[in-house]
Amino acid sequence: MIMRRTMRRTATVLTVVVASGATVTAAEAHTPAAPTVKVGPRGLAFYSPRTLPAGRHGTLIWERPFHGVAALKGARNYLVLYKQVGIDGRMVPVSGIVSIPKRTAPKGGFPVITYAHGTTGIADQCAPSRDTGPSSGANEADTGIAPLLDTWIKDGYAVVRTDYEGLGTPGVHPYLIGRSEGDGVLDIVLAAQQLAPDLSNRILISGHSQGGQAALWAASLAPSYTPSLKLAGTLAFAPQSHTAEEVSFLTSVSSPALTPLALLILRGIDVAYPSLHVSALLTPAAAELYPQTLTQCLSQLESSSSAGGLPLEQVVNPGSDLTPLIAKVAANDPDHLKVRGRILIEQGLADTTVFPAFDKQLAGELAERGAKVTYRTWPGATHSGVLIAAAKNATAFIRARLGRG
């Protein structure tokens, strides 16, 4: 089912042309400002178009009103599908959420915050836009980010959130592959501008954990990849960094705490660099669990009956040469990036997922490459807790960079 919706900015009534013969209820007749927008099908068919429209990266494929768990308060929320260059060099569809304040746009349009989510998993149901609650396993909504995003909407910023390539859409999500993440974080802004032309070109990039890494990649790519967008700053909460150093621990840590993330990292490298044959490195016990990275979300992988029950030192075969693997992981770390403008890194000192020492080192490395970096720490704040502890400071940074919407 594909529908085309025609809208006039001065009108309060929409003319809706339904190509498939389906009906559109009054509740669905929302009013984004775009002159012509395709409305995608209901259900999971939304994520899998038969063909892609012509156009460059960031082209909006279609949209629908969004009322899911991840919808933001005080906003008009839309589920969108847009084009991105995939890891194989071909255009792929990527999903995400666009949230626009329910108010008149300021002169120049709503400033845009493009937010990159933390690790939820690789399976399609782990996409934040497909989150239906605790049973879905897509637990980004449980991290404490929602109140912060609601605040940004209240401040008058549009908030856009990519699901990332292959997360919810066809293909396998290339977890922690920097270029793929960064492109997706930027392309959803271009797509959102086609949905609602009253969005500004002024953007701020933010993200948590995996999304913090994605935010830094997006910020480094923005000048050349999306030159029409004006980057005001980058806000990274506990950004994943120095993953290559963590991979070197694979054979020496007995705790299973990081095993679920290790398997996701290996799957991401496997997807992006199949010639490495990552699966050949796995022990029989890890190989038995490895398929679950494609079917379960992080919260499920953390179970003691899954990857959470396997000591990290039992993931790869003893004596394995990890040099090629570590090299590819290092290539996707953000420590070597050149990022223009101001960066704020917010880090909880009680974080046992992204180690504070690594992010302190990251801040110094980015500064050495010319970035203006502020590294702020929060005693007692855990990996997710930093989103709450640093909320006021982070919002002050955004207001200083973007002004009030």
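Reply: Both Cys-126 and Cys-297 are buried, where buried means under 20% relative accessible area, exposed over 50% and partly exposed in between, with a 1.4 Å probe and protein chains only. A disulfide joins these cysteines, with an S to S distance of 2.2 Å; the term denotes a pair of cysteine sulfur atoms within 2.5 Å. The structure holds one disulfide. Cys-126 lies in the loop between β7 (110–116) and α1 (145–154), and Cys-297 in the loop between α6 (284–289) and α7 (298–301), so the pair ties together parts that are 171 residues apart in sequence. Helices (H or I, at least four residues) and strands (E, at least two) are DSSP runs, numbered from the N terminus. With -110° about the S-S bond, the link of Cys-126 and Cys-297 is left-handed.

This is a predicted model, in which local features need pLDDT of at least 70 and side-chain atom pairs count only at pLDDT 80 or more, while totals for chains, interfaces and linings use all residues. Residues are numbered from 1 along each chain as its sequence is written, and side-chain values use heavy atoms, with hydrogens and water left out.

The aromatic rings come next. Rings of Phe, Tyr and Trp (its six-membered ring) pair if their centres lie within 6.5 Å; planes under 30 degrees apart count as stacked, over 60 as edge-to-face and the rest as tilted. By this rule there are four aromatic pairs. In one of them, the ring centres of Phe-46 and Trp-62 are 6.0 Å apart and the planes stand at 50°, so the pair is tilted. Phe-46 lies in the loop between β3 (36–39) and β4 (60–65), whereas Trp-62 belongs to strand β4, so this pair ties together parts that are 16 residues apart in sequence. Both Phe-46 and Trp-62 are buried. Ring pairs also bring in Tyr-47, linking Phe-46, Tyr-47 and Trp-62 into a cluster.

A charge sits over a ring if NZ of Lys or CZ of Arg is within 6 Å of the ring centre and within 35 degrees of the ring normal. Arg-267 likewise lies over the face of Tyr-290, at 3.8 Å from the ring centre.
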